[in-house]
Amino acid sequence: MSNIQTELHRHLDVSMRVSSLLKLAQERGLESQSTSVDSFREKLILTQPLSDLGSVLGKFTLFQKVLDRPDVLSQAAFEVVEDCYLEGTRQAELRFSPSFVCQLSGLAWDDALDGFEEGIQRGLKKYPDMKAGMICIASRDLGYDSVHETVEYFLRHQDRFIGLDLAGDENGHPARDYEKAFKLAHARNANITVHAGEALGPDSIWEAVEILGAHRIGHGITCVQDPELMRYLAEKQICLEMCPTSNWLIKAVPSLAHHPLPEVLRAGIPVCINTDDPGIFGVDMPGEIEICRRVMGLTEEEILQCHAHANAASFLGSTIPANID
Ligand SMILES: [Zn+2]
């Protein structure tokens, strides 16, 4: 099994370089011309678990405001591919939510796709030994109609995406509410991953796999509370895309030393290491791997196992997963 460094879970729309975000914010009058990159970084990047959700949402809003033209999205995507490459990653799955990206700017969803795609292609041209693809996110907190519209958009452009995701706050937006929309994607043999078990318990993960047919789970932290679910995930080889620093900063785990990744890995469940949102968490792949090694005590062999799991579960190359019913 190949253990080339592969990242499956990185949000294209919240991964911008601090310097690029500052420049765009200044051009739009959203940030003072006198702000330095260092002071902007200090303001932007979360370094402690969040205490106030409002201020975090404010950070997301800034990304939404500046991603307002296809050429801006293109440059952002190019830089994400370049950053991944420089981090040692050779296969990257990058995801974005069209409803989130276009919500404040009024950019057309198709223009967002064109912009991101063009930037990724430019990145791959510069780094020909790199592979990258896009996953389309449906934002669960925007309600059923928005999710349905996103699934239809995904299906219209299915040849340009490698998979479909459901993201956003699990609280009040259970996976079962989106069964009908995800059935449409299933009928077209789409690769599916679902954010689950980050804010809520194991039931949320059960719903993602049993009702939405997820082939992979974003995070899946709370699976360790349910031995039956652990056995199921190991038996079906459903990969958990874990994001250590992100999980800690949003309080899905009490500390990095108490992260369940080693327990999940040693239970035979495929698990991999990811960055999630480098734009607000200030993380990169080498740093996350180092946390797994030094703070969680993973051996070198176990780190390579995580890379191999990411490889085996990757939607790039897009062979349709075997566990489709
Ligand atoms: Zn995520």
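Okay, let's start at K251, which sits in the loop between α11 (244-249) and α12 (261-266). Helices here are DSSP runs of H or I with at least four residues, strands are runs of E with at least two, and both are numbered from the N terminus. Residues are numbered from 1 along each chain as its sequence is written. This is a predicted model, so local features need pLDDT of at least 70, side-chain atom pairs count only at pLDDT 80 or more, and totals for chains, interfaces and linings use all residues.

Back to K251: its phi is near 65 degrees, a positive value in a residue other than glycine. Most residues other than glycine have a negative phi. Is K251 buried or exposed? It counts as exposed because it has 12 C-beta neighbours inside 10 Å. The cut-offs, with C-beta atoms placed from the backbone, are 20 or more others within 10 Å for buried, 12 or fewer for exposed, and partly exposed in between.

Now D276, in the loop between β8 (271-273) and α13 (278-281). Its phi is positive too, near 70 degrees, but D276 is buried, with 28 other C-beta atoms within 10 Å.

Last stop, a helix pair. Helix α7 (residues 144-156) and helix α8 (residues 179-187) pack at about 10 degrees, axes 9 Å apart. Axes are lines fitted to C-alpha atoms, over the stretch in contact for helices, and angles run from 0 to 180 degrees between N-to-C directions. So α7 and α8 are roughly parallel, meaning an angle under 35 degrees.

Conventions
Parallel < 35°, antiparallel > 145°, perpendicular 65-115°, else oblique.
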